[in-house]
Amino acid sequence: MKKNKKLKTKQKKKKTPIVTNEDVYKVKNNVHYNFVSDNEVFAEIFNIAMGFDFVDPSKLMECDSREVAVVIDEEITGETEAEKREMEAVVKLSKELFRDVKKYGVTKTDGKSIFLCIENQSEYADDILERVNAYNSLSYLKAKKKKNGKRTPIITCIAGWDSMPRLCGDVYVFDDYDVDPGSQAMDYLPRYKIPVILFGSLDDDIVEKGSNELKAAEYAVRIAIGKMDMEEVMKYNEKVDELFKVVNDPARDLMLAVTGTHVTKEEVLENGWNKVWGYYREEGREAGILEGREAGRIEGEKKGRLEGILNSIKNLQKNEGWSFDKAAASIGVSDEDRALLKTMC
């Protein structure tokens, strides 16, 4: 009697969920992301950071900014709690390692194709160079070579939004190896230059030649940093007042967010930047005077100033999901004020 042959069936394995670009936009939906996503702004940032006319904005195309999610494509079977946690961890990791903005373009210098990426940094991060290197490496790992056997190059630019002094000058991955100068070992270690643009500290001649969007971003960050006397602040407010009328909406959102001005774009367009900014500044000062009469006029003004700053920080925490320190750094709060503000929370 013939034995029954076991039927061979293929069981479908569950794949690790791949996060889509729609998820990226939810994770990265903030004013800096929206601002640099515009092709004209994106190209301008890159050209300033590179120091020459390198990127053609008309040739830029959106790219899938996933790096890890496509690389980590393991098949996970079963439905145990442990496996569910594993799948969730992979998705979380994938989201955390999305690039901010990635585009495909053509260089003006030689007409060759290239991948261009921008990483926004609202405050200095000790691991930013390592992350840029990791992103670039993962891009090369998943990218297919061209028909001619060559690979498409990838350049990542860091856009700083708080005048990060530790990234001034030429920035390399990596330039801090513990080897003697001139050592032959350097021939075998990765080291390449990273283009960097620091808003709030751009040269005036670069800003003057730039687009209205670039000017708006630069002047707004300078106001937010606050390292200037009132005469300078008013000078930049005059410029911002005019620029707000003509720049695109992402630039307007950026200006409002970095300066901590808690109004809508429509309110500014109707009343003017100077009037709105002055109103909120005066409101904060008067509130401090009223509450601090017993402690004296000077103490009251100080309190009013701090309360105005605290409101700005809370607004950024609510709208951007930032930590207290990150929100404070983004508007240039000093260490001394930051310590006082924490006692007021």
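Select helix 10, residues 249-259: 8 of its 11 residues are buried, so the helix is largely enclosed by the rest of the structure. Here buried means under 20% relative accessible area, with exposed over 50% and partly exposed in between (1.4 Å probe, protein chains only). Helices (H or I, at least four residues) and strands (E, at least two) are DSSP runs numbered from the N terminus.

Before moving on, a word on what is loaded: this is a predicted model, in which local features need pLDDT of at least 70 and side-chain atom pairs count only at pLDDT 80 or more, while totals for chains, interfaces and linings use all residues. Residues are numbered from 1 along each chain as its sequence is written, and side-chain values use heavy atoms, leaving out hydrogens and water.

Still at helix 10, colour the buried residues, among them Arg252, Leu254 and Met255. At the start of the helix, a side-chain oxygen of Asn248 comes to within 2.9 Å of the backbone nitrogen of Ala251.

Next, show the open sheet: 5 strands in the order 1-2-3-4-7, with mixed pairing. Two strands pair if DSSP finds at least two bridges between them. At the edges you will find strand 1 (61-62) and strand 7 (196-198), each pairing on one side only.

Now zoom in on strand 3. Which residues cover its two faces? Ser113, Phe115, Cys117, Glu119 and Gln121 lie on one side and Ile114, Leu116, Ile118 and Asn120 on the other, all of them buried. Strand 3 (residues 113-121) runs parallel to strand 4 (residues 154-160), joined by 7 bridges; Ile118 has Cys157 as its bridge partner in strand 4. With strand 2, the pairing is antiparallel over 6 bridges, and Lys102 stands opposite Cys117. In the hairpin of strands 2 and 3, with 6 residues between the strands, pick out Gly111, whose phi is positive, near 70°.

For a helix pair, select helix 8 (residues 212-225) and helix 9 (residues 230-244): their axes come within 10 Å and cross at roughly 145°. Axes are lines fitted to C-alpha atoms, for helices over the stretch in contact, with angles from 0 to 180 degrees between N-to-C directions; contact means heavy atoms within 4.5 Å. Side chains to display include Tyr219 and Ile223 in helix 8, and Tyr236 and Leu243 in helix 9.

Last stop: the peptide bond from Val173 to Phe174 is cis, with omega near -10°. Phe174 is in the loop between strand 5 (171-173) and strand 6 (192-194).

Definitions and conventions. A polar contact is a pair of N or O atoms within 3.5 Å; within protein, one must be able to donate a hydrogen and the other to accept it, and residues adjacent in sequence count only if both atoms are side-chain atoms.
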